[in-house]
Amino acid sequence: MVAFGSAGLFAIVGASTAAMAQDYTRGNLVGTVVDQANAPVAGAEVSIKSNEQGFTRTATTDSAGVFRITALPTGSYSVTVTSGGTVVVEDNAVPVVAGQSNTYRYIAGGSSQQQADSGETIVVTGARVKTNDFAATTTGLTLNVQSLSESVPVARTLSSLALLAPGTSAGDTNFADCTDCVSFGGASIAENSYYVNGLNTTNFRTFVGNNTVPFEFYRTLDVKTGGWTAEYGRALGGVTSAVVKSGSNDFEAGAVVAFQPAGLTKRAPNTYLNAAGALKQRNDNDYNETIETNIYASGPIIKDRLFFYALYTPRYVRDDDSVVSSGYRQKTTSKSPFFGGKLDAIITDGHRLEATYFRDQRHEYTDYLPLDPVTGDVVGRSVGREDKEVGGDNFIVQYTGQFTNWFTLSGAWGQNNYKRRDVLIGDAGPTVQSTLNGSLQTVSGIPLSPTDSQDRREVFRADADFYFNLMGSHHLRVGFDREDLSAKEDTFYTQGVVYRYTPNYIRTRYYLNSGQFKTKQTAFYAQDSWDLLNDRLNLQIGVRNDRFQNYGITGEEYLDIKNQWAQRLGASFDVFGDKLTKINAFWGRYYLPVATNTNIRLAGAETFYEQRYAYPIGVNPGSPAAGGAPANPQTTANGTPLLGALTGANALDCPDIGPGAGQLCSTVLSDGIAGPTDTLVSQNLKPMFQEEFIIGATHRFNDWTVGLRYINRRLKETLEDVAIDAAVLDYCDTNGISGCGDVWSGFHQYVLANPGKDITVRLDGDCTIAGQCDVVTLTSQQLRYPKPVRKYDAVEFTLSKAFNGTFGFDFSYTWQKLRGNYEGSVKSDNNQDDAGLTQDFDQPGLTDGAFGTLANARKHTFKLFGQYKPAEWVTLGTNVTVQSPRSFSCIGVHPTDEFAQGYQAASFYCANPAGNGGSTDSTLVPRGSSFKGNWFKNVDLGIQFQLPKELGRSSFRVDVFNIFNWKSKLDYVEFGENDDGSLRDDFRFVTGYQAPRAVRFTWALRFGGGM
């Protein structure tokens, strides 16, 4: 008999994952033993042994011939079944994957040759047949990361793995915290959760992105696109759950070097500001190079009891971009290493303790070299260096104990840290921008908002599993988890103010936000997996209860949303009783927490205002230079523009903070005063949630699996900040309350509420005037905000061929329809990542025309990835994606709503003839109806050579991404107007192309592991 090695337990487990005992780091082994006549073998003794860590577990088959061994770490196991003193099954290479019930059917007696997932032939006493996990309702993929990276060309990022799953698509690339985040099932990129060994690493401030972990640290990755059970929550889009590598009884060591040279990377086309060819971004001289070296070691500290795995990853990244419109070539380098490790202690068989630690803190240094605004050539030395520090230290400790064959208990405690520090070294002067040439340019200064912030998450978790029989067999899992979140914030504009030249005035903006904030998130759940009708019918009956508590800058709780009950109900039916064909359905509800960003911006003491000034005498904005400066500009020695008198647009009292103190402002978005908490939140507030319905069928034949499913997702409620000023003025007029116009200026009182519903809140007015501080109910008719809508319908077809030593692949086709008036927690059209505080419902006028095709809609998506192994020493792989285009809008200044006009170019009204059908008038252009981008077509190819056995399990690999160097246009300027209402010359101009062809070399030296 030949057993699996520690690597390559499986190449790809596809289409439908996760099971009756979904777990972040452990899986179950479930088998059915039958004799040659297909009769169950009852009372047989089952023994399993970990091929890697040596521990053993036992079980006995029941009257149906079924055995179940629970809470197993990911790995390879040997299974022996003895009946009547005779070994009837002996299988030395059974893979177990976390988060699943790994189900097999054994026919006792005889022997057969089976193909291991690594391609190696093994001998099995009895016949092993992989069957469907009938308790599974979750959709997605589970991937063995090392096996996949050695067979399929993929970028070494979490997002590249998530994009292999059906129903996922790349999000907009311009979000600051995540340029490669993924949309799951039509949700925004800020509605996902990310776990590493059970530790939540999601960015809880904005929900955009997560901590960065090297590829080599992962063992498996579970990509859940829908239908997950009650253990998982705090996400509407998708969940990724990674299991990191562990040590075994065999010492292993090695190094994996991945090198993507700049010399073999093609360049994307340049982008432009106008039809005359003024450069926006000069891509033809980009420089992008990455070198990542992963050095690892693992093995036993005490054989069969204590094991270690350690990884050290020095990284070098250089990325040079010439952003001509900003005035600089940005030369970014990063050399920070990653290091992490894991300890596994087996206290006794069935009881284990695991500790995982990793540090992803990294420095990025960006030098700003001035450019010629016409040619894009560098014309001087760096005027300043940006020092950006992100990431932090993370750990989690977990205990798992099987006390009896019917009771298992587990617990976890961990901490996730993420630092954001971004400062400018040197004095480049204030940031000065311009729209005088018809599009946004940076005249001088560096467009950077310095920040110094720190996020910390502390997690506590306990889960218990019970197995019993009552009108069928049950696996009941109950659990509790809590996350305590804290955030420190300090953000401001460089030198306090950002200046902008417009055709009619000079605009100044001042921003400052500082404070400390906390959030608590608590949940408990119960999930029962109930098998009936001789295991032909499985019912999933689950419920989850979440509570979200948010605190403002004063430490006072301003939000407590509790008793959020979410059903997770599913059913699966074994059609023919052979465990190969199933139909299943799922209905569930998911809640999304309130982002800590809401604490910082809504319940903090943010100062944010705008003033408008006339041009000084002699300055001519009508004849701007190529770089955007007006003719005869007047500035101080450090580049600060001299200002004329305040214009008549300034009619509001400025806050008593910053350069505008004691003056008039044109717009005051935040006054720097922490408002009373009962004026910030509607008293009848309901949480943001979504409901999902899935129905599908899966059939497995030999090593092929085919599936078809329909997914229906409906956003039922959302939380957003809404300005109530217009409704309050109407309320005051109706009720004869005086002086309201002096307080509610259009931007005075923002309330966290459910758009489209009545709002009950205390007015934040002058309490010396009767009625201005009353608790009132403003009707939805007075507020004039529509109910948020997001509708997602999809049909997914999947076909997979398990690797048989020669070839294997996964194919999927997804048809989807995504429409509504609300993308989700963030906005792709202006890259606003203020989760829960986007401008979508800030003013009623901004909702005009908002219903349409949403930014993450892709009607057709085809995906194919797989491998072909013509000889033992060579493997060929491919990764293909074809996807229909994104729909874009035409955004401009609202022509009639005075308060919406304060947001400038932010409405779906547009006066640009190129976007509204040729009209020169401001015309309502419904969301996503202005124009479309290109189809996305991408083919990656890879080849891997196995090196001589004297070098252990070593290999050399070459991957070519976008081998045909296609140049699909993926992102565009959606703004048809500038903020002052003038037409933008770069509307519909491309801002982002498909990544050009690149080549990556990977040299892996792996030694040990019993080889």
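Mentor: Gladly! Let us start with a cut-off: a salt bridge here is a side-chain nitrogen of Lys or Arg within 4 Å of a carboxyl oxygen of Asp or Glu. Keep in mind that this is a predicted model.

Trainee: With that rule, how far apart are the closest N and O atoms of Asp-793 and Arg-714?

Mentor: Asp-793 sits in strand β48 (residues 790-801) and Arg-714 in strand β43 (residues 704-717), so the pair links distant parts of the chain, 79 residues apart. Asp-793 is buried at 9% relative accessibility, and Arg-714 is buried at 19%. The two form a salt bridge, and their closest N and O atoms are apart by 3.0 Å.

Trainee: How many salt bridges does the rule give?

Mentor: Side chains of opposite charge can pair when their charged atoms come close. Applying the cut-off of 4 Å between nitrogen and carboxyl oxygen, the count of salt bridges comes to 64.

Trainee: Which residue forms a salt bridge with Arg-234?

Mentor: The closest N and O atoms of this pair are 3.9 Å apart, and the cut-off is 4 Å. Arg-234 lies in the loop between β16 and β17 (239-244) and its partner in strand β35, so the bridge ties together parts that are 312 residues apart in sequence. Both residues are buried. The partner of Arg-234 is Asp-546.

Trainee: Which residues are joined with Arg-234 and Asp-546 into one network?

Mentor: Salt bridges that share partners make this network. Besides Arg-234 and Asp-546, the members are Glu-231, Arg-457, Arg-461, Asp-463, Asp-465, Arg-477, Asp-481, Glu-483 and Arg-544.

Trainee: Turning to Arg-507 and Asp-979, how many residues apart in sequence are the parts that this pair ties together?

Mentor: Their side chains meet in a salt bridge of 3.1 Å, N to O. Arg-507 is buried, with a relative accessible area of 4%, whereas Asp-979 is partly exposed at 21%. Since Arg-507 lies in strand β34 and Asp-979 in the loop between β61 and β62, the parts tied together are apart in sequence by 472 residues.

Trainee: What does Asp-980 touch, leaving out residues up to four places away in sequence?

Mentor: Asp-980 is found in the loop between β61 (969-972) and β62 (990-993). With those sequence neighbours set aside, the residues touched by Asp-980 are Thr-435, Thr-502, Pro-503 and Tyr-505.

Trainee: Now for the rings. Why is the pair of Phe-217 and Tyr-309 called tilted?

Mentor: A pair of aromatic rings is described by the distance of the centres and the angle of the planes. By the rule used here there are 33 aromatic pairs. In this one the centres are 6.3 Å apart and the planes stand at 40°, so the pair counts as tilted.

Trainee: Which cluster of rings do these two belong to?

Mentor: Phe-217 is in the loop between β15 (199-200) and β16 (218-226) and Tyr-309 in strand β21 (residues 306-313), so the pair ties together parts 92 residues apart in sequence. Phe-217 is buried at 0% relative accessibility, and Tyr-309 is buried at 4%. Ring pairs link them into a cluster made up of Phe-217, Tyr-296, Tyr-309, Phe-338 and Phe-358.

Trainee: Over the face of which residue does Arg-318 lie?

Mentor: Two places are worth a look. The charged end of Lys-937 sits over the ring of Trp-966, 5.8 Å from its centre. Arg-318 lies 4.2 Å from the ring centre of Tyr-287.

Trainee: Is Phe-175 buried or exposed?

Mentor: Phe-175 lies in the loop between β12 (168-170) and β13 (182-184). Its contacts beyond four places in sequence include Ile-189, Val-208, Lys-827 and Asn-831. Lys-827 is 652 residues away in sequence, with a C-alpha to C-alpha distance of 9.3 Å. At 1% relative accessibility, Phe-175 counts as buried.

Trainee: One last item: what is the accessible area of the nonpolar patch with Leu-569?

Mentor: Leu-569 lies in strand β36 (residues 557-574) and is partly exposed, with a relative accessible area of 30%. On the surface, the patch is formed by Ile-541, Leu-569, Trp-587, Phe-693 and Ile-695. Together they have an accessible area of about 420 Å².

How values were computed: Residues are numbered from 1 along each chain as its sequence is written. This is a predicted model: local features need pLDDT of at least 70, side-chain atom pairs count only at pLDDT 80 or more; totals for chains, interfaces and linings use all residues. Side-chain values use heavy atoms; hydrogens and water are left out. Rings of Phe, Tyr and Trp (its six-membered ring) pair if their centres lie within 6.5 Å; planes under 30 degrees apart count as stacked, over 60 as edge-to-face and the rest as tilted. Helices (H or I, at least four residues) and strands (E, at least two) are DSSP runs, numbered from the N terminus. Buried means under 20% relative accessible area, exposed over 50%, partly exposed in between (1.4 Å probe, protein chains only). A charge sits over a ring if NZ of Lys or CZ of Arg is within 6 Å of the ring centre and within 35 degrees of the ring normal. Patches are made of residues with over 30% relative accessible area and no salt bridge: like charges are joined within 9 Å, nonpolar side chains (Val, Leu, Ile, Met, Phe, Trp, Tyr) within 5 Å. Accessible areas come from the Shrake-Rupley method with a 1.4 Å probe; for residues, only the protein chains shown count as cover. Contact means heavy atoms within 4.5 Å.
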